Amino acid sequence: MNLSRNRIVTVLLASLVLASCRGGAPGPSGNAAPAQNEAAANVNLRIVTDDLGRSISVPVKVTRVVSTAPSVTESIFAVGAGDRLVGVTTFCNYPEEAKSIAKIGDTMTPNMESIVALKPDIVFVSTASQIESFSKTLEQNGIAVYVTNPASLDGVYHNLEQFGIIFNTTKVSTELIDALRTREWRIGQTLGTPMQRDELPANFYARVGAIKTFVQISKEPLFTIGKGSFLSDIIESAAGLSVTATVESAFPKLSKETALALTPEVIILSDSLDNQEPNEVFKNSPAVKNGRVYKINADLISRPGPRIVDALEQIAKYLHPEKFPD
Amino acid sequence: MVALLGVVLTVAAMLGAESVSFFEMTEQQRSILFDIRLPRILLGACVGASLAVAGAGLQSLLRNPLAEPYLLGVSNGAALGTMLAFVFVADSEFARPVMAFAGAGLATVAVYRMAQSRAGMNVERLVLSGVIVTTFLSSVIVMLTTLLDAAKLRSFTFWLLGDLSQATTNGVWISLIAVVIGTIVLTSQARALNLMMIGERDAVDFGVEVGRVRMLTFGAASLVVGAAVAASGSVGYVGLIVPHLIRLSVGSDNRLVVPLSAIAGAIFVVFADTIARTAIAPRELPVGAITALIGAPLFIYLLRKG
C-alpha cells in the first residue's frame with residue numbers, strides 16, 4: 001500500500017460522501033418540522049455503518065454526542081468536533097479540554113441515566129462488550145449507538161474518516177488522516193514496511209530485519225497482545241515481529257512456559273503501576289540480557305486513536321534505533 | 001491414594017503449554033520445568049489440600065454438610081486481608097499470607113459470635129451468619145476495587161477468580177508449611193471431632209473440651225485457607241466436594257477423613273489446574289472455573305445419591 005493510492009482512496013471516499021450527502025438531503029436546510037412520513041424522515045436522517053457492520057440512522061446535523069472510551073474522545077477532538085462532546089468517561093484525560101466535559105462513568109460501567117439525561121444524538125462505544133442491552137436501552141430512548149472496534153492502523157484511519165462524515169468535518173478529518181498516513185509512510189520508507197501484497201511473511205520479516213518483540217500489558221498475571229489487537233499491526237508496521245501475534249484473542253493471558261520459550265529481542269512495557277518491569281520468566285531472554293526493555297505511556301499504547309501513530313514512531317525507534325539517527 | 005497423587009503429580013509435570021523432553025533437557029526446558037511448572041503444581045497441591053482439610057474440619061465441627069470455607073466467610077475474610085496487604089503494604093511475599101490469615105481469623109470469629117445465642121450454638125444461625133459475612137465482605141471487596149487505583153487492582157481482580165500462575169518458590173513453602181501444620185492440628189482433633197459430630201452435649205459428656213476443639217479447628221482452618229487464598233485467590237468447590245467423596249468411600253471417621261481429604265484435595269486441584277494450563281494453550285483458563293465446572297455436577301450427583 002503506498003501513499004498515492006491511499007490519497008486517491010481518501011479523495012474518492014470523500015467525494016462519494018459529499019455526493020451521498022447532497023443526494024440524501026435535498027430539502028431546504030434548517031427544516032425543523034417533525035417528520036411526517038418516511039421521505040420526510042430521510043431529510044433529517046442518514047445511514048452510517050459502524051465497525052460491527054450495523055446500519056445506524058444518525059441526524060444530518062449531529063450536535064450532541066457522548067463518548068464511552070478515551071480513544072473515541074481523542075478521535076472526536078482530532079476531527080474537530082470536540083465541542084460537540086457533551087459527555088465523556090472518567091478515563092478521558094486527553095486532550096486537556098476533555099477533562100472539563102461532564103462525566104458519564106467509566107468505560108466498563110457507563111451510567112445509563114447520565115447518558116440519557118445529556119440527550120445525545122449518538123453514543124460512541126469502543127467494543128462489543130455488553131453492547132446488546134446497552135444499545136437497546138439507548139435506542140429505545142431514540143439515541144443511536146455507534147460501535148468502534150479498530151483492529152489495525154487502517155481501522156483507526158477508517159474510524160477518523162467515519163467521524164469526519166458523521167460530524168460533517170471531512171475537511172479536517174481528511175487532512176488529519178493524510179498527515180497520519182504521511183507519518184506512517186515515512187516510517188515505512190525508512191524501514192521497508194509494510195509487507196507487500198505478494199510477499200511471504202517470512203520473506204518480509206527477513207527483508208526488513210524484523211525484531212522479535214514481546215509486548216507486556218501486565219506483569220502478574222502475564223497479559224500480552226494477540227491476534228485481534230491493533231498493537232500486533234503496529235508492531236509489524238514498526239518492522240517488528242510480535243512473538244504472540246498468532247495467539248488467539250486480542251489481549252490473552254499467556255502461559256509462562258510459552259513466554260519463557262519465546263526469547264524476545266525487545267520487550268515493550270505498557271507503562272502502568274502494575275507493569276514496571278518484565279516478568280521473571282524473561283530473565284534469560286536476549287531482551288533483558290541486552291537491556292532492550294522499553295516503556296511506552298499506557299494511554300498512548302492502549303488507545304486506538306490518532307495518537308497511535310506517536311506510539312508507532314516511538315516503537316519503530318526502539319526496535320531500529322540505528323535507522324533513526326536523530 | 002498416595003500412589004494416585006504420585007501419578008497425578010507426575011502426569012501434570014509432563015504436560016504443559018511447552019513440551020519438555022525429560023531425557024535430553026535443554027537449559028530452557030529445565031527452566032520451564034523447575035522454575036515455572038513444578039512450583040505451580042506443588043502450589044496447586046498445597047492449595048487443594050488446604051481447602052479440603054478446612055472443609056472436612058468445619059463440616060464435622062459444625063455438623064453441617066454445607067460448611068465450607070467459602071460459605072462461612074473464611075475465604076472472603078482472607079481475600080479482603082490479601083487485598084489490603086496488596087494495596088497498603090509494600091510488595092512483600094509474606095504480608096499477603098499474614099494479612100490473609102488475620103482476615104480469615106477475624107471473619108471466622110465474627111461469624112461464630114453472630115451465631116451464638118443464649119440457647120448456645122445453633123447450626124442454622126451459623127450458616128446464616130456465614131452467608132451474611134460472606135456477602136458483606138464481597139461487597140467491601142467490590143467497593144475497594146472500584147474506589148482504588150485501577151492499574152494496581154487489575155491483576156487483583158484476575159487473582160480473585162482463582163489463579164495459580166503466580167506461583168513462586170517462597171509461596172510454595174509458605175503454603176506447604178501452613179497445610180502441614182493445619183492437617184496435623186486437625187488430625188489431632190479428629191477423635192474429638194468425631195464425638196462433636198454426634199452432638200455437642202454428647203461430646204461434653206465424653207469429656208471433650210468443646211471450646212478448645214472449636215478454637216483449634218477454626219484456627220487451623222483460618223491458617224490453611226489464609227495461605228491458600230493469598231497464593232491463589234478463590235478456588236471453589238474443593239472444600240465442599242472432596243470431604244464428601246472421602247466420607248462416601250471410607251466412612252466418617254475423621255482420623256481417616258482429614259488426612260485423606262488433604263491428599264484427594266491435592267489431586268483434584270492439580271488435575272483441574274493441568275486442564276487450566278493446557279486446554280487452550282498458550283492461553284490459560286482460571287483454575288477456579290475448572291474446579292467449579294467439575295465440582296458442581298459432582299455435587300448434584302452426590303446430592304441425588306445420598
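How many residues of chain A are in contact with chain B, and how many of chain B with chain A? The points below take this up, then turn to each chain of what is a predicted model.

1. Contact between the chains. On the chain A side 21 residues take part, and they meet 22 residues of chain B. Helix α10 of chain A, residues 256–262, gives the most to the chain A side, with 5 residues. Sorted by class, that side of chain A holds 9 nonpolar, 6 polar and 6 charged residues.

2. Domains of chain A. Chain A is divided into domain 1, made of 3–31 + 41–179, and domain 2, covering 196–323. Their contact draws 14 residues from domain 1 of chain A and 12 residues from domain 2 of chain A. On the domain 1 side, α3 (70–78) and α6 (153–167) of chain A each supply at least two residues. The largest share of that side, 5 residues, comes from α3(A). By class, the domain 1 side has 9 nonpolar, 4 polar and 1 charged residues.

3. Overall form of chain B. Chain B has 13 helices and 2 strands. Its radius of gyration is 19 Å, close to the 19 Å that the globule rule gives for 306 residues, so chain B is as compact as a globular protein of that length. Along the principal axes, the C-alpha atoms of chain B fill a box of roughly 65 × 45 × 35 Å. Of the 306 residues of chain B, 50% count as buried. Among contacts in chain B with a separation of 6 or more, 77% are between residues 24 or more positions apart.

4. Nonpolar cores. The largest nonpolar core has 86 residues, and those with the most contacts inside it include A52(B), V53(B), V225(B) and V269(B). Helix α2 of chain B, residues 27–62, provides the largest share of this core, 15 residues. Leaving aside neighbours within four places in sequence, V225(B) is in contact with S50(B), L51(B), A54(B), P69(B), V74(B), S75(B), A78(B) and A104(B).

5. Helix α13 of chain B. This helix runs over residues 287–305; at 1.5 Å a residue its 19 residues should span 27 Å, and because its end C-alpha atoms are 27 Å apart, the two values agree. Within α13(B), the residues V287(B), G288(B), I290(B), T291(B) and G295(B) are buried. The buried residues of α13(B) pack against α11 (238–250) and α12 (254–278) of chain B.

Methods: Residues numbered from 1 in each chain as written. Chains lettered and ligands numbered in written order. Predicted model: local features only at pLDDT ≥ 70, side-chain atom pairs only at ≥ 80, totals over all residues. Domains from an automatic or database assignment. Contact = placed C-beta atoms within 7 Å. Helix = DSSP H or I, 4+ residues; strand = E, 2+ residues; numbered from the N terminus. Nonpolar A, V, L, I, M, F, W, Y, C, P; charged D, E, K, R; others polar. Expected span 1.5 Å × (residues − 1). Buried ≥ 20, exposed ≤ 12 C-beta atoms within 10 Å, placed from the backbone. Core = buried A, V, L, I, M, F, W, Y, C linked by C-beta atoms within 7 Å. Rg over C-alpha atoms; globule rule 2.2 N^0.38 Å.
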